[in-house]
Amino acid sequence: MKKSFLKVSGYEKYGLIYLFWLLLFFLVPVFVILAYSFLTRNYQGGVEFRFSLQGYKDIVNPNYLVIFLRTIILSFISSVLSIVIAIPVAYQMAFSKWKNLLLLLVIVPFWTNSLIRIYAWIFILGNNGLVNQFLIKLGFVESYVKFIYNNFAVVLVLVYTYLPFAILPLYSSIERLEKHIFEAAMDLGCTKRQVFFKVLLPNIRQGIVSSFVFVFIPSIGTYAVPELVGGKNSRLIGNEIARLLTTAKNWPAAAAISSILLSITIVAVLVFMYGGEKREAR
Amino acid sequence: MPGSSVSIVEVDKYFGDFHVLKNINLEIKENEFFSLLGPSGCGKTTLLRIIAGLEDVDDGDVLLDDKSILNLPPNKRPVNTIFQNYALFPHLNVFENIAFPLRLKKFSESEIRTKVEWLLSLTRLEEHAKKKPAQLSGGQKQRVSLARALANEPKVLLLDEPVSALDAKLRQELLIELDNLHDKVGITFIYVTHDQAEAISVSDHVAVMNNGVVVQYGTPYEIYESPANTFVATFIGESNLMKGTVKQILSENYVLVEFPTLGEIVCFRDKPVDVNDNVLVTLRPEKIRIGHTKPQLLEDAVTNIVHGVVDETIYMGYQTKYFVRTDGGYILRTYKQHASYLLDERIIQWKDEVFLYWNPDDSYIVEVDKG
C-alpha cells in the first residue's frame with residue numbers, strides 16, 4: 001500500500017511539517033558531523049575546510065577500542081537490567097486499578113534535572129554517603145565500601161536514569177493484552193514460569209525491542225553519568241568525544257567517533273527491529 | 001472421553017466484606033450439561049472460577065469424582081475453561097493455539113498434528129488453521145477456544161458466558177453446535193449464563209442463582225413450570241404474577257383463591273396452604289387461551305374463565321401478544337400463536353371483548369404468606 005510521495009492530502013500534510021523539522025534539525029546536523037570527520041583539525045578548535053582522514057587515523061588506537069567495547073558492554077548490561085526490572089513493574093501497572101497514577105509516578109523523576117538526580121546518587125553511595133554511614137554505624141563494615149566511581153555505579157545510575165524509557169513501551173504492549181490469556185494458559189496446563197516464557201514474553205516482543213532501543217541508545221551516548229559517578233576505568237565514548245572537542249581540540253576525531261557510533265547504532269537497531277518484526281509475523 | 005461428577009460442598013467466598021457465595025451446595029452428575037443461571041453479580045462466574053482453580057474458597061470443598069481438587073493448581077486440574085472473551089493467544093495461529101496444551105505435555109509432532117486436525121474438523125475450522133486470532137470473526141474465535149480447551153481431554157468443560165459476545169443469530173447457531181459437541185465428546189459441561197433461554201434450551205439441569213445463593217435447582221422443565229419463588233418466576237420466561245387470598249381448600253392439589261381484580265380462581269398448589277393465607281400465583285402467558293366466545297365445557301371440567309377487554313395488541317409475526325384488562329382492572333398478558341385461523345374465527349383486535357381461560361394446573365402458587 002505504498003503511496004506516491006507527492007500525492008499527499010488532508011492530515012498527511014501535517015506529517016510533512018514533521019518531516020521538514022527532522023530534515024532541518026536532525027538529518028542536516030548528522031551530515032555536518034559526518035562532513036567534519038573528513039576535514040582537517042584546527043588546533044584552536046573547529047576545522048579547516050580541507051579533506052583529511054587524520055580524524056579517523058587519530059582514533060585507530062587500542063585505547064579507543066577498549067572505551068568503545070566498554071561503552072557497548074555497559075550499555076548492553078544496563079538495557080538488559082532495565083528490561084528485567086521493567087517487565088514485572090509494567091505488568092503490575094498494566095493490570096492495576098491505579099494505572100494512571102502509577103504512570104504519573106514513572107514520569108515524575110523527569111520533573112527534576114537529571115544532573116541533580118545523579119548528584120543525589122553520589123550523596124547516597126559516596127564513601128561518606130548514606131549507605132556507608134549506615135553500614136558503619138551498624139557495624140557491618142570497618143571502613144567505607146567503594147560503591148561509587150566504578151562501572152557498577154555507572155550501570156546503576158544508567159538503569160536508574162533510563163528505566164522509565166524501558167517501562168513505558170513494555171507497559172503499552174502488556175496493557176494491550178487481555179488478562180484472561182494468562183488464566184487461560186494456566187488453565188491449559190502452564191506453570192507460572194511457563195505462562196511467563198510461553199505467553200507473556202512472546203506477546204510483548206515488540207515492547208522488549210523498543211525498551212532495549214530506548215535504553216541502549218541514550219546509554220551509548222551518555223556523558224554525565226560516567227563523568228560524575230564513574231571512575232578512571234569507566235570512561236565511556238561520550239566522555240572521550242567531549243574531551244576531543246574541548247581540551248584536545250580535535251574536532252575531526254570527535255566527529256569520526258560520533259560517525260562510527262552512529263553507524264553502529266543504526267545497524268544494531270535495524271537488525272534488532274527487523275529481527276523482532278520477523279519473529280512476530282511468524 | 002468420559003466426564004467427571006462435580007460436587008460443590010458448602011462453599012463460601014468473600015471479596016473483602018462482600019459475601020459472594022453463601023453456602024453453595026451442588027451436585028453435578030458426570031457427562032451432563034449443567035447450567036449456572038443468574039443475573040450479573042450473582043456469583044455464578046466466581047463459582048466457575050473456583051472449580052477452574054482461578055479463585056480460592058474461604059470455606060467448603062470442591063470434589064471431582066468424590067476427590068477434593070482444592071489443593072490442585074489450575075494447571076493440574078482435569079478441567080478446562082472457555083473464557084467469555086475467548087482468551088486466544090494473539091501471537092499464535094489457530095493451529096498453534098489448539099496445539100498449545102499438547103506442546104506443554106510434550107506430545108510428539110505427529111500426535112499433535114493428528115489431534116489438532118481432528119479438533120479442527122470437529123469445530124469446522126480446517127480452512128482457518130493458519131490464521132491469527134485477529135483475523136477471525138467472533139464465532140470462529142469461540143470455536144478455536146472450544147477446540148483448544150478440548151485438546152487436553154478434560155473431564156469437565158467450564159463455559160463462562162461463551163456466546164454472550166456474539167449477535168443473536170450466531171448465538172443460537174453456536175448454542176446448537178455446543179449441544180451437538182456435548183453429545184459427541186460426552187464430558188461434563190458446566191455452563192454459566194445470564195440468559196434464561198440459553199440455559200433452559202440446552203441443559204440437563206439448571207441451578208438458578210441470585211445474590212450468592214442457589215435459589216432453585218432442577219431440570220429446565222421444573223424450573224420453568226414450578227418456580228421456587230418470585231425471583232425465579234420473573235427471571236425465567238414471562239409470567240403474570242397475582243396476589244390473592246385463599247378462600248377454600250378444594251382438594252389435595254387445588255385451592256380456590258380470591259383475587260381483588262380477577263375474582264375467584266382455582267389454583268394449583270404443591271405446598272401446604274390454609275384458608276386466609278395470602279398467596280402469590282404465577283400464570284404463564286402462553287398457558288392462557290383467548291377467544292371471543294365463552295368456551296364450551298364438559299360437565300365436570302374445571303376451568304378458570306375471566307372476561308375482559310383487549311387493552312393492547314403486539315403483532316410479532318409468528319404470534320400476537322395481547323394485554324387484556326379484566327373486568328376487575330387487572331392486566332393479564334397472553335399470547336396467541338398464528339398456527340392457522342379457522343375460517344369462521346374472527347381476528348381478535350384492540351378493544352374487543354374477550355374471554356380468557358386456562359387449566360387450573362397453570363395458575364401455580366409460588367409463595368405463601370401465612371395470614
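# Chat notes on a predicted two-chain model

Me: What covers the buried residues of α2(B)?
Reply: The cover includes α8 and α9 of chain A, together with α3 and α4 of chain B. Keep in mind that this is a predicted model.

Me: How many residues of helix α2 of chain B are buried?
Reply: Nine of eleven. The helix runs over residues 94-104 and is mostly covered.

Me: Which ones are they?
Reply: V94(B), F95(B), N97(B), I98(B), A99(B), F100(B), P101(B), L102(B) and L104(B).

Me: What caps the N-terminal end of α2(B)?
Reply: N93(B) does. One of its side-chain oxygens lies 3.1 Å from the backbone nitrogen of F95(B).

Me: And which residue follows α2(B)?
Reply: K106(B) follows the helix, with a positive phi near 60 degrees.

Me: How many salt bridges and polar contacts cross between the chains?
Reply: The rule finds one salt bridge across the interface. For polar contact it finds eight residue pairs, with both residues at pLDDT 80 or more.

Me: How many salt bridges does the structure hold over all chains?
Reply: 23. One of them joins E175(A) and K99(A), at 3.0 Å from N to O. This pair links distant parts of the chain. E175(A) sits in helix α7 (residues 151-175) of chain A and K99(A) in helix α4 (residues 99-107) of chain A, 76 residues apart.

Me: Where do E175(A) and K99(A) stand on accessibility?
Reply: E175(A) is partly exposed at 36% relative accessibility. K99(A) is partly exposed too, with a relative accessible area of 24%.

Me: What about R243(A) and E240(A)?
Reply: Their side chains meet in a salt bridge at 2.8 Å, N to O. The two are three residues apart in helix α12 (residues 237-245) of chain A, so about one helical turn separates them.

Me: Is E240(A) buried or exposed?
Reply: E240(A) is buried, because its relative accessible area of 5% falls under the 20% cut-off. R243(A) is partly exposed at 33%.

Me: Which pair in chain B has a salt bridge at 2.5 Å?
Reply: E177(B) and R124(B), N to O. E177(B) lies in helix α5 (residues 168-185) of chain B, and R124(B) in the loop between α3 (109-122) and α4 (138-151) of chain B, so the pair ties together parts 53 residues apart in sequence. E177(B) is partly exposed at 22%, and R124(B) is partly exposed at 46%.

Me: Which residues do salt bridges with shared partners join into one network?
Reply: E183(A), R49(B) and E55(B).

Me: New topic: the largest nonpolar core. Which residues touch the most other members?
Reply: V229(A), V6(B), I8(B), L36(B), F100(B) and I190(B), out of 94 residues. The largest share of this core comes from α7(A), with 13 residues. F100(B) is also among the buried residues of α2(B).

Me: What does I8(B) contact, leaving aside neighbours within four places in sequence?
Reply: I24(B), N25(B), L26(B), L47(B), I51(B), D61(B) and V62(B).

Me: How many residues are in the second core?
Reply: 36. This separate core includes I82(B), L125(B), L157(B) and I187(B).

Me: Last one. What does chain B look like overall?
Reply: There are eight helices and 20 strands in chain B. Its C-alpha atoms fill a box of roughly 75 × 50 × 35 Å along the principal axes. Of its 371 residues, 51% count as buried. Among contacts between residues at least 6 apart in sequence, 66% join residues at least 24 apart.

How values were computed
Residues numbered from 1 in each chain as written. Chains lettered and ligands numbered in written order. Predicted model: local features only at pLDDT ≥ 70, side-chain atom pairs only at ≥ 80, totals over all residues. Heavy atoms only, no water. Salt bridge = Lys/Arg side-chain N within 4 Å of Asp/Glu carboxyl O. Polar contact = N/O pair within 3.5 Å; in protein donor to acceptor, adjacent residues only side chain to side chain. Helix = DSSP H or I, 4+ residues; strand = E, 2+ residues; numbered from the N terminus. Buried < 20%, exposed > 50% of the residue type's maximum accessible area, 1.4 Å probe, protein only. Core = buried A, V, L, I, M, F, W, Y, C linked by side-chain atoms within 4.5 Å. Contact = heavy atoms within 4.5 Å.
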